[in-house]
Every structure is written in structure tokens, then in C-alpha cells.
Amino acid sequence: MLDPKIIRSNPEQVAAQLVKKKYVFPVAEFESLEVQRREVQVRTESLQSERNTRSKSIGKAKAAGEDITSLLSDVNDLGTQLEEAKAALAKINVQLDDILLGVPNLPHEDVPEGESEDDNVEVRRWGTLPTFDFDPQDHVALGNRDSAMDFESAAKLTGSRFVVLQGKIARMHRALIQLMLDTHINEHGYNEIYVPYMVNRDSLMGTSQLPKFEEDLFKVPFGERDYYLIPTSEVPVTNMVRDEIVEESRLPLKFTAHTPCFRSEAGASGKDTRGLIRQHQFEKVEMIQVVKPEDSWQALENMTANAENILKKLELPYRVITLCGGDLGFAAAKTYDIEVWLPGQDKYREISSCSNTLDFQARRMKARWRNSETGKPELLHTLNGSGLAVGRTLVAVLENHQNADGTINVPAVLQPYMGGVTVI
RNA sequence: GGAGGGGUGGCUGAGUGGCCGAAAGCACUGGUCUUGAAAACCAGCGAGUCGAGAGGCUCCCAGGGUUCGAAUCCCUGCCCCUCCGCCA
């Protein structure tokens, strides 16, 4: 959520900045509601004030043993007026919240203009693209050996966009997770955390998957309410600091978690239907940082480098891009995507996304720290980044390290996690 | 599933209808003392919101209700703890 004070004091400027993100902010509607809100709020509060003072005087008169019947009749119709004012105020606030919760974060000034992913700007490349003296296969063909990557069984068990992995491929998939976690823990200073794979509405509101993106989520009815399968561990991990005031000495908080992620992919029918690229269920190792505001931009650079380090270890060529305004996510002020080279598709594909949300999520979550200089609680900054999407990493390893006979060279860094096997 | 006990400020915890935004302690901040520190002593210290300010309003898990007035009484829900049963 954006700071309502900033929106109130300068709605046109906010609207102008949001144009970059292809969002039309309803300035006129907002301002007219604000005028009403202010008027009704002032009226409500003065009525409350009146009621409070009168109630106090009744209490005093009663204590003094005086007759209070006339005082009671004076206060009679105050209650109804107050009820009406309160109801009117609540109604206006609901409308204002609807607007405010639907406004995306402001893009950072570095963020390039642009409509879509075609306008994203490349920052750097790493690695040399592999060359093959044979026709490289894609991961679906490579995984088909011994039914190690089995989409048909998954379709039988559940439906489309799921997979069954078996044998060495399943082991490599698991090995990748271990490598990622160990690297983030031992080399990058993250704290491992295990979290629920289902969350409540409040958590999803906090990180801003709700109320706007409900159709992307799997909902699980539970008694009178609903739980939701997490679309990313960003949700449970970031919400650790919801409604908390974090001691300054504990900052920065750096968490890494391995979880499955569940996405309905409602808006992606027909897209990436082949293979492992876009599934309803996939594994991801996530990095979350909760930092002082002054540290968040440096943290974004570091987190991106942490994700890149995994690709370097796996000897996978990649490039880093800055998302343009039109491609930027709802909560993000700036996002670096890392795209890995996939020989089977002959192009770079997203494998990580690292974002700084500034205080956007923190404001929704009331996630604060106590600033020792001011002595006051202030909003934190939150960042999240994939380090990395495991399924897509598996795809990249298979395709980049394949041999003519369809076998795969296991990257040296992964071999200890696979019992020393060098080729699968 | 059954029985009982709870949810109060950063933390612990008192508070059963008005004198309570809320005792006390811890933590924190400032001061006295000290070469310095610790200890001791003194003082300050919840959050949000409206307002130029004075000050107002809201918040004692959440949502309803009773009342002129609710942290306090009633109802519903959520969560935590103890015991019993069941169980991976």
C-alpha cells in the first residue's frame, strides 16, 4: 500500500508516476471521497467527544448523589446521530480502502519505460552459450528416458501442468534444492526457515496477492473460512514480521526457505503447455530480506548476486534484466529478472525474480522496527527473490549439460549431492 | 472429540462498569554520581489518526450486543495453555 498521506497531498503526481506502470489512478473519485471522509470523520469525532464529556459528567453527578434524569434525557438523541455518522464513515472508508488496496507500488526512477517484457533492459550477461555438434534436445525429450520425467502419469493422477519425476532426475531435482539452500545458508548468510504451505487471507493481503489476484491462487475451504496454498514462500516468510516491531539489533533479517509453490495459472492457458516450465505445482528456494529503509537498494543488488551465484556454480549461462514499468509486479518498486539460457528453446527464460518492495508490503503488514535515533517505530523495507526456481533450474541443467546420447553431465558442484555420480 | 484456564503496551504482568490509555517490574532514553563503566538514585517512555496549535478521536485478540458510559458484563469466532481420549 502506498502512503495515503502522499496520495492525499499530491494525487496528480502519484497518478503520473503510475502511468509508467500502466495503471490509471482515479484521481477525481479519490479526491471526492477524501473530501467526504474528512467532513464525516470530523462530525463523527466531535459527536464522540460530546458523548464522552456528557457521560463523564453523568458519572460525576451520580457519584455526588445528584439527580441525573435531566442529564440522561439530554444525551438521548446523541446516540442515534453518532450511529448514523459512524455508519456513513465506515461506508466511505470501505470505498477508499478499495481504491488504496488496488493501487500498485510506485516504480523506482531507474525503472525503464515500456509496455511489456519486450521492453525490459538487459543489465549484464554471464557465461558462454554451449555449442553442440549434434541437435540439442529439449528437457521433455531428455527427461523422457526411463520415464524419469512423466507428464502422462501426472495427468492421470491429477491433471495437466503437473509432473511425476523418478530415479536420477528426481534425485537431481532434490540435489538442486540442497545445493541452493546450503549455498544461501553457508555463503550468503541466510537463515533457513520452514513455513506452512497454506496461509490465511491476512497473510495474502499483507504481501498483496489479495485482494486483487485471487484468481491466481488455489483456495482450500476449511470449516467456515478458507486457507490458500502458497503461490510462493514469499507469503509466509515475509508475513513473519506482520504486526511486529523488530528490534534494530536483529536487522537485517535474511531468510531462505524451500517450499512448493501452487499457482492456478489462470491467465496462462495455452502458454508454455509443453514441459516443466509452467506448472501448477513447483519447488522454489526463496530469499527474503527485511531491512532498514536505507539498506534496501544495496540489499536488492546483493540478493540478485546471490541468485546469480547459484547459476555460476551450475555453469549455466544467464543474463540479468531490469523489468520495465509495464512488466513490473504489483508490489515491486524495481525488479531484476535473471534469465537462464535454454538450448532446447534457443532463448533465455526467467529463472529468478528479485524485487525491492520498499515499504509497500510493510505498510500493509504493519511491519516496523524501532529507530534508535528517533525512538519511534518506523516501517521496514521488504525484498524477495528466487534463488532459484527449482524446476526451471533442472530444465536448464538438463538442456545445457546434455550429451549426444541423451545423457547429462552432472555439474561438479552437484556431484557431492548425488553420491558422486558424474553422468546420468 | 471431552473438561478446564487464558489472550492487556517492545516484554512480563495488575486491573470485574465512570477516578483507566491502563499499576508495577524489565528493557530503552536522559540526568546525578564515577577517571571510565557497572551499581544506585532521579526523570522520561504505547500505537494510530485528525489538527497550524491547543487539543480531539480510536485502539486492552476479532466481530456483534447491553449501557448515558465497556479493558471490565453478554454472545459468536479465532488463537494459546493444561488434563483426558484418539492419532501420523
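User: Which residues form a negative surface patch?

Analyst: In this predicted model, the negative surface patch consists of Glu117, Asp118, Asp119, Asp327 and Glu350.

User: Why is Asp119 called partly exposed?

Analyst: The relative accessibility of Asp119 is 32%. Buried means under 20% and exposed means over 50%, so Asp119, at 32%, counts as partly exposed. Patches require over 30% relative accessible area, and Asp119 is therefore above that limit with its 32%.

User: Where is Asp119 placed in the chain?

Analyst: Asp119 belongs to the loop between helix 5 (78-101) and strand 1 (121-126). Chain A as a whole has 13 helices and 16 strands.

User: What makes Arg370 partly exposed?

Analyst: Arg370 has a relative accessibility of 37%. Arg370 is found in strand 14 (residues 368-370).

User: Which residues does Arg370 touch, not counting residues up to four places away in sequence?

Analyst: Arg370 touches Ile245, Val246, Glu248, Gly375, Lys376 and Pro377. Contact means heavy atoms within 4.5 Å. Arg370 and Lys292 are 78 residues apart in sequence, and their C-alpha atoms are 9.9 Å apart in space.

User: How much of chain A counts as buried?

Analyst: Of its 424 residues, 49% count as buried.

Notes. Residues numbered from 1 in each chain as written. Chains lettered and ligands numbered in written order. Predicted model: local features only at pLDDT ≥ 70, side-chain atom pairs only at ≥ 80, totals over all residues. Heavy atoms only, no water. Patch = residues over 30% accessible without salt bridge, like charges linked within 9 Å, V, L, I, M, F, W, Y side chains within 5 Å. Areas by Shrake-Rupley, 256 points an atom, 1.4 Å probe, with all protein chains shown as cover. Salt bridge = Lys/Arg side-chain N within 4 Å of Asp/Glu carboxyl O. Lys, Arg positive; Asp, Glu negative; His and termini not counted. Charge placed at Lys NZ, Arg CZ, Asp CG, Glu CD. Helix = DSSP H or I, 4+ residues; strand = E, 2+ residues; numbered from the N terminus. Buried < 20%, exposed > 50% of the residue type's maximum accessible area, 1.4 Å probe, protein only.
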